[in-house]
Amino acid sequence: MKILSFDIRSVLVPLPEPHRTASGVIEASPLVLLSVLTDEGTRGHSITFTYTPAALKPTAVLMKNIEPLVTGQALAPAALWERLHGRFKLLGTQGLVGMALAGIDMALWDALARSQQLPLHALLGGEAKAVPCYGGIGHDGEADSARAAERWARQGLKGVKAKIGYPTLAEDIAVLRAIRCAVGPGLAVMADYNQSLAPGEARQRLQALDSEGLQWIEEPVLAHDYAALVQLGQRVRTPLLAGENWWGPLDFRHAFNAGVRDQVMPNAMKGGGVTGWLAISAMAQVYGAGVSSHLWPEVSAQLLTATPTARWLEYADWWNPILKNPLRLREGLADTEGVIASGIEFDNDAARAYAA
Ligand SMILES: [Mg+2]
């Protein structure tokens, strides 16, 4: 089976509610929707989230420029991943290049699984298993964070994650306690600093949070300060994790080399697509580190199902408006039963309505 062509669309999908982060408010998701067509008529789809609308057009143009390197080639995603990453070694495969390559990789794997009429996890050799899901909460203050946590709890999610990093530790604690109060003792509560602390302050705040019963604390310091993350981990009891901003398997190698062992959080796009995830998952398995996902709920549900040390799926409904069949949840677990490939198929009317 050979790859015939790309269909690339750019959309701006408004969020149900603006998502506040420590580094700005996200009001809409800028997405590149890629559909790859093969000579046997199979299509494969992927979503590339560019975080900011400023990166939307350049990412779509990059994909279009990479198309001639892929068309006419056999549908062999892992082999193409190697070839394309080799091709861009001089420029580097982080940033927009990495995002475009990952979007292509995910669409190719999707096409391969669809051609076999298999769920992606089955194509990768995995079997169906229960993956618990949690919902994210923005940088919304005490009352709104508690309300958002309640909404996730009502939907049956197994955990909730708050963005913290308020001006004072007291505010961080107040938000976390309001959330705990809203969801009760049965749900996991996670906290995410989104890289906002310097190492010294991180030590003080995280030691104070040790008695809050958190499932984990995410990205307390700069994502690429692996040494600081490892040192912090030796001084606090709460598990720490990072990974959503690590680019490809190589950044994960750096993290493991620095001593990260407990758990990691690859992002299906920045991690290098399905092919990148498989390398990361294998490293995590070797080191005994748990793997949780970041956004991309549909493809991540499939990937975690095929990941030996899978822990948690980050559920988000941001991109549901452009999907025919968004990821289903059943009693707080990702429900992949009956899903073919990644399950991603675009609602073309919605894609037209949100065209950027
Ligand atoms: Mg995070």
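A three-stranded open sheet has the strand order S1-S2-S3 with antiparallel pairing, where strands are DSSP runs of E with at least two residues, helices are runs of H or I with at least four, and both are numbered from the N terminus. S1 and S3 are the edge strands, each pairing on one side only, and two strands are said to pair if DSSP finds at least two bridges between them. From one strand to the next the twist averages 20 degrees. This is a predicted model, in which local features need pLDDT of at least 70 and side-chain atom pairs count only at pLDDT 80 or more, while totals for chains, interfaces and linings use all residues. Residues are numbered from 1 along each chain as its sequence is written.

Within this sheet, S1 and S2 run antiparallel and are joined by 14 bridges; Ile8 has Leu34 in S2 as its bridge partner, and His19 stands opposite Ile26 in S2. Helix H1 (residues 56–70) packs on the sheet and touches S1, S2 and S3, its direction making about 160 degrees with that of S1; here contact between two residues requires that their C-beta atoms, placed from the backbone, lie within 7 Å, and axes are lines fitted to C-alpha atoms, for helices over the stretch in contact, with angles running from 0 to 180 degrees between N-to-C directions. H3 also packs on the sheet, where it touches S2 and S3 and makes about 150 degrees with the direction of S3. The pairing of S2 with S3 is antiparallel over seven bridges, with Ser35 opposite His45 in S3. Four residues lie between the strands in the hairpin of S2 and S3, and there Gly41 takes a positive phi near 90 degrees.

At the level of the whole chain, there is a division into domain 1 (3–117 + 348–353) and domain 2 (122–335), with bounds that come from an automatic or database domain assignment. The contact between them takes 33 residues from domain 1 and 26 residues from domain 2. On the side of domain 1 that touches domain 2, at least two residues each are supplied by elements including S1, S2, S3 and helix H12 (348–353), while H3 provides the largest share, ten residues. By class, that side of domain 1 has 21 nonpolar, ten polar and two charged residues, where Ala, Val, Leu, Ile, Met, Phe, Trp, Tyr, Cys and Pro count as nonpolar, Asp, Glu, Lys and Arg as charged, and the others, Gly among them, as polar. The centres of domain 1 and domain 2, taken over C-alpha atoms, are 23 Å apart.

A second open sheet has six strands in the order S8-S7-S6-S5-S4-S11, with parallel pairing, and its edge strands are S8 (240–241) and S11 (313–315). Strand S4 (residues 133–137) pairs with strand S5 (residues 159–163) in the parallel sense over four bridges, and Tyr134 has Gly159 in S5 as its bridge partner. Helix H5 (residues 141–154) lies across S4 and S5, running at about 155 degrees to S4.

Turning to a helix pair, the axes of H8 (residues 226–235) and H9 (residues 248–258) come within 9 Å and cross at roughly 40 degrees. That angle makes H8 oblique to H9, because angles under 35 degrees count as roughly parallel, over 145 as roughly antiparallel, 65 to 115 as roughly perpendicular and the rest as oblique. Tyr226, Ala227 and Val230 of H8 make the contact with His254, Ala255 and Ala258 of H9, a contact with five nonpolar, one polar and no charged residues.
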